[in-house]
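Here is a short report on one protein chain. It starts with charge pairing, then turns to the fold and the surface.

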Amino acid sequence: MGAAGFCLVVLLFWGVTKWASAEDPSKIASELATKSNQVKTNIATGKASEADLEAIKPAEFVIKPQINTPARTSDFPSSGPVFDPVAQPNTKRENPIVLNVRDYQIDLLRARCPPTTSFSITRAIRKSRSSRQRSRVTSIKTS
């Protein structure tokens, strides 16, 4: 409780200092408007300053042509077949198997459960009065 109160006081102090050091929004807006008007006039007149030309100058590796030396095939001899002999011959897309409503699949997952969640799996066998058939019911409860 004491640590939370201390953090609250620190955050309140930080917020007050940020609020006190904030600049005037009308001053910031007027500076942005002045800069945007200057950019618009530079675009309209078509004249660029030396700093602008230097800023858009491409890097050295873009201007200089690249030298590509081809690799010798004798350095990379092939040690097996050129194609994959295990690949399927068809290239059609195969859809996954979709189970019916009454079918189900059980996957076993061996992992640690989070300590706050526990699963209770219960199985009951019910007898139907009319048909004398047994039906299994599995329920999973999360607590």
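## Salt bridge

A salt bridge is a side-chain nitrogen of Lys or Arg within 4 Å of a carboxyl oxygen of Asp or Glu. A search of the whole structure finds 1 salt bridge. It joins the side chains of R72 and D75, at 3.2 Å from N to O. R72 counts as exposed because its relative accessibility is 56%. D75, at 41%, counts as partly exposed. Exposed means over 50% relative accessible area, buried under 20%, and partly exposed in between (1.4 Å probe, protein chains only).

## Basis of the model

This is a predicted model: local features need pLDDT of at least 70, side-chain atom pairs count only at pLDDT 80 or more, and totals for chains, interfaces and linings use all residues. Residues are numbered from 1 along each chain as its sequence is written, and side-chain values use heavy atoms, with hydrogens and water left out.

## Fold

The chain has 4 helices and 2 strands. Their order from the N terminus is α-α-α-α-β-β. Helices (H or I, at least four residues) and strands (E, at least two) are DSSP runs, numbered from the N terminus.

Helix α1 covers residues 2–20. Of its 19 residues, 0 are buried, so α1 lies largely in the open. Across the 143 residues of the chain, 0% count as buried.

## Exposed F61

F61 sits in helix α4, residues 60–63. F61 counts as exposed, because its relative accessibility is 68%.

Notes:
Expected span 1.5 Å × (residues − 1).
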